[in-house]
Amino acid sequence: MSDIRQSTGRRCRRLDSVIDDDIRYRAVDSRDARFDGVFFTAVTSTGIYCRPSCPAVTPKRANCTFYPSAAAAQGAGFRACRRCRPDSVPGSPEWNHRADLVGRAMRLIGDGVVDREGVAGLAQRLGYSARQLQRQLTAELGAGPIALARARRAQTARLLLQTTELPVTEIAFASGFASVRQFNDTVREVYDRTPSGLRAEVTAGRRTATPAGGLTLRLAYRGALDSDHLIDFLALRAVPGVEEVVPGARPGVRTYRRTLGLPYGHGIAEVDGLAPAEPRNRGWLDCRLYLADLRDLPTAVQRLRILFDLDADPDTVDEQLGADPVLGALVRARPGLRSPGHVDPHELAVRAVLGQQVTVGAARTLAGRLAEKYGAALPEPSGGLRLLFPAAGALAVADPEDFAMPAARRRALTGLCAALAEGVVRLDGGVDREEAAARLLALPGIGPWTVGYLRMRALADPDVFLPSDVGIRHGLTRLGAPGDPKSAARAAEAWAPWRSYAVHRLWAAPAPANDQSGTDQSGTGTEKQDA
């Protein structure tokens with residue numbers, strides 16, 4: 001699979017192996033927000049734990065203990081700082097690229113698997129015993145899966161208490177707690193407040209009144225963020241009835257809206273881009289969620305974070321790619337460019353096959369037709385949103401005549417959908433990427449480009465390159481570099497372990513004034529080369 005290069009351990013060292021406690025303390029002393037979510041600082045003299053960028057007076061070095069997770073700090077008896085809210089920091093960028101057991105487990109815990117299936121279900125998905133999983137997570141993160149999931153529930157509870165007027169009892173179960181008593185005990189332990197006391201910290205006027213099942217929140221990110229690239233990318237591919245980009249409530253803001261199929265019900269998400277005058281390092285995107293079942297809140301948030309690549313470390317990525325003679329000018333012109341993931345890997349897989357050998361616009365039209373025919377309708381339309389994208393199982397048994405494409409691609413699509421529906425191919429966050437790639441390649445009509453594209457977006461792999469992609473060829477040519485696949489692959493070796501970001505840099509490379517090709521390119525061969 002020459003199109004897909006997996007990061008090596010040498011290139012993708014764990015953060016813990018390159019920073020020590022002295023470096024951590026210097027980050028705390030300088031209030032360096034780049035380390036928010038990478039580690040947490042517990043202060044023995046106050047009994048609280050903070051994010052590195054906490055604006056409070058820097059504690060003495062002798063009073064500081066560092067933890068790799070909020071759950072570990074909570075387990076050691078520290079409560080969350082009420083000033084910097086360390087429970088709401090972006091996730092560690094480590095979970096984006098780590099392909100080992102811990103990285104895969106953290107992605108599944110973030111998606112709510114422990115709350116829905118328990119530790120046994122999590123372990124089964126990962127192919128390990130519950131004891132092995134507990135031992136590995138505790139050794140690296142200072143907390144096991146239950147404690148990590150508990151910290152996630154506590155953060156959800158605080159969010160609901162401070163942003164909605166929902167009854168406390170309803171919040172307890174919506175946050176994933178098994179009982180009100182467990183909810184009360186956890187909130188007291190983590191925040192040193194009762195639920196009602198935690199709610200009282202935010203005045204009623206600051207809590208946003210939204211329709212039933214709706215709430216307003218901020219999606220935190222670190223470093224710079226090029227929201228224009230994200231919105232442009234999603235708008236070009238928006239499936240009618242499922243997604244749309246509309247003018248936002250503030251001048252110059254565009255809002256991405258889409259329907260969500262979630263474990264307990266459906267939802268609608270709205271995420272605002274940044275206004276032209278807002279700094280790219282503002283630190284958050286405004287988001288509104290409308291959920292049929294509030295138990296889906298943390299899962300919906302996690303999937304949106306993956307879609308917008310909000311847990312990335314853009315400073316690290318841009319530092320490496322910005323020093324490259326080919327990509328450097330692009331990085332300096334547009335810092336903070338992200339590599340979009342997806343909220344539904346199965347949906348993305350279907351759309352990738354639909355897009356083989358056709359333009360982006362044609363693929364979008366095909367996806368819209370399938371959504372109209374096989375997608376579930378929302379109880380009530382919301383603007384241009386009316387449908388949930390069809391499940392893989394529904395498409396696996398669909399009438400082939402509804403697929404307006406060549407017979408070979410029809411077979412590829414139905415075969416892929418059947419494999420996804422039956423679990424022969426898995427694309428969730430806990431899957432081994434190499435195993436998933438091998439199983440995808442074994443399916444008829446699924447080639448290296450499609451597998452690489454799915455690794456990059458469905459599996460959020462930050463180190464995928466697509467040397468045969470026509471968009472990459474055009475991007476390299478515009479930069480004065482050879483665009484043939486062999487030359488592109490050689491050039492990309494210097495971009496590891498961030499080759500997915502290099503792909504987006506090349507796709508977004510501006511065309512010369514006399515170039516009429518644009519960005520909506522169709523490819524050649526057996527697979528579409530630009531999606």
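A residue counts as buried when its relative accessible area is under 20%, as exposed when that area is over 50%, and as partly exposed in between.

**Confidence of the model**

The protein chain has an average pLDDT of 89, and 91% of the residues reach a score of at least 70. Where pLDDT is low, the predicted coordinates should not be read in detail.

**Salt bridges**

The count for the model comes to 42 salt bridges.

| E117 | R125 | 2.7 Å |

In the pair of E117 and R125, E117 is partly exposed at 34% relative accessibility, and R125 is partly exposed at 26%.

R258 belongs to strand β7 (residues 254-261) and E347 to helix α15 (residues 345-354), so the pair ties together parts that lie 89 residues apart in sequence. R258 is buried, with a relative accessible area of 3%, and E347 is buried as well, at 2%.

R426, at 27% relative accessibility, counts as partly exposed.

**A buried aspartate without a salt bridge**

D296 is buried yet takes part in no salt bridge. The nearest side chain of opposite charge is that of R116, 5.8 Å away, whereas a salt bridge requires the nitrogen to be within 4 Å of the carboxyl oxygen. D296 is located in the loop between β9 (284-291) and α12 (297-307). Apart from neighbours within four places in sequence, D296 contacts L262, P263, Y264, G265 and L291.

**Strands and sheets**

Four strands form an open sheet in the order β3-β1-β2-β4, with mixed pairing. At its edges are β3 (64-67) and β4 (79-80), each of which pairs on one side only. Helix α1 (residues 21-29) packs on this sheet and touches β1 and β3, its direction making about 105° with that of β3. Strand β1 (residues 40-43) runs antiparallel to β3, and four bridges join the two. Within this pairing, A42 has T65 in β3 as its bridge partner.

Strand β5 (residues 214-220) has five of its seven residues buried, so the strand is largely enclosed by the rest of the structure. Seven bridges connect β5 with β9 in the antiparallel sense. The bridge partner of R218 in β9 is D286.

**Backbone exceptions**

Most residues other than glycine have a negative phi, and most peptide bonds are trans. Several positions in this model depart from that pattern. The peptide bond from A496 to P497 is cis, with omega near 5°; P497 sits in the loop between α22 (485-492) and α23 (499-507).

R85, although not a glycine, has a positive phi of about 50°. R85 occupies the loop between β4 and α3 (94-97) and is buried, with a relative accessible area of 13%. A460 also has a positive phi, near 50°. A460 is placed in the loop between α20 (448-457) and α21 (470-478), and its 27% relative accessibility makes it partly exposed.

**A partly exposed glutamine**

Q134 is part of helix α6 (residues 130-141) and is partly exposed, at 36% relative accessible area. Beyond its neighbours within four places in sequence, Q134 contacts G144 and P145. The C-alpha atoms of Q134 and A178 are separated by 21 Å, the two residues being 44 residues apart along the chain.

Conventions
Residues are numbered from 1 along each chain as its sequence is written. This is a predicted model: local features need pLDDT of at least 70, side-chain atom pairs count only at pLDDT 80 or more; totals for chains, interfaces and linings use all residues. Side-chain values use heavy atoms; hydrogens and water are left out. Buried means under 20% relative accessible area, exposed over 50%, partly exposed in between (1.4 Å probe, protein chains only). Lys and Arg count as positive and Asp and Glu as negative; His and the chain ends are not counted. Contact means heavy atoms within 4.5 Å. Two strands pair if DSSP finds at least two bridges between them. Axes are lines fitted to C-alpha atoms, for helices over the stretch in contact, and angles run from 0 to 180 degrees between N-to-C directions. pLDDT is the predictor's confidence in each residue, from 0 to 100.
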